Amino acid sequence: MFAIFELLGKQYKVSVGSFIKLPKQSCKKDDSIVFDKILFLKDQNGGLIVGSPNVQNAFVKGKVVDQIRDKKIIVFKKKRRHNYRRKLGHRQDLTLIKILEIGTFKSKVAKKDSKLTSPKATEKLGDNNGT
């Protein structure tokens, strides 16, 4: 089972138990995080669900393992014959997340909404409005 979700304009392919590095999130260690912009979902039976643009009622749940920094990237600029050299380093702040669960929500919300649209509920609403 795996899923593809979108976060901050980038797409990530994850499966249960995998670790991913995301740009720094405002979460602390051992916090749980839920991603709900699921673009593609493949279940254990081989069924594929493709969203248009997102898969409805799907989620990816993970746990923040640590706030880390990526390896250093060296930025070196040089212009030949002008004695111009600049050497800079950069380390990106990342959040390391372990994926715990991939699934879909049950349709309990639809049942609650159907109770609100029953004829008895609309009559009660009409009485309150003075009609």
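Strands here are DSSP runs of E at least two residues long, numbered from the N terminus. The model is a predicted one, so local features need pLDDT of at least 70 and side-chain atom pairs count only at pLDDT 80 or more, while totals for chains, interfaces and linings use all residues. Residues are numbered from 1 along each chain as its sequence is written, and side-chain values use heavy atoms, with hydrogens and water left out.

Take the loop between β3 (19-23) and β4 (32-35), where Gln25 sits. Gln25 counts as buried because its relative accessibility is 16% (buried is under 20% relative accessible area, exposed over 50%, partly exposed in between, with a 1.4 Å probe and protein chains only). A polar atom of the Gln25 side chain lies 2.9 Å from the backbone oxygen of Pro23. Leaving aside residues up to four places away in sequence, Gln25 touches Leu7, Leu8, Gln67 and Thr95 (contact means heavy atoms within 4.5 Å).

Lys28 is in the loop between β3 and β4 too, but Lys28 is exposed, at a relative accessible area of 63%. Its C-alpha atom is 9.8 Å from that of Lys63, 35 residues apart along the chain.

Beyond four places in sequence, the contacts of Phe5 include Tyr12, Val14, Ile20, Phe35, Ile38 and Val60.

Key
Helices (H or I, at least four residues) and strands (E, at least two) are DSSP runs, numbered from the N terminus. A polar contact is a pair of N or O atoms within 3.5 Å; within protein, one must be able to donate a hydrogen and the other to accept it, and residues adjacent in sequence count only if both atoms are side-chain atoms.
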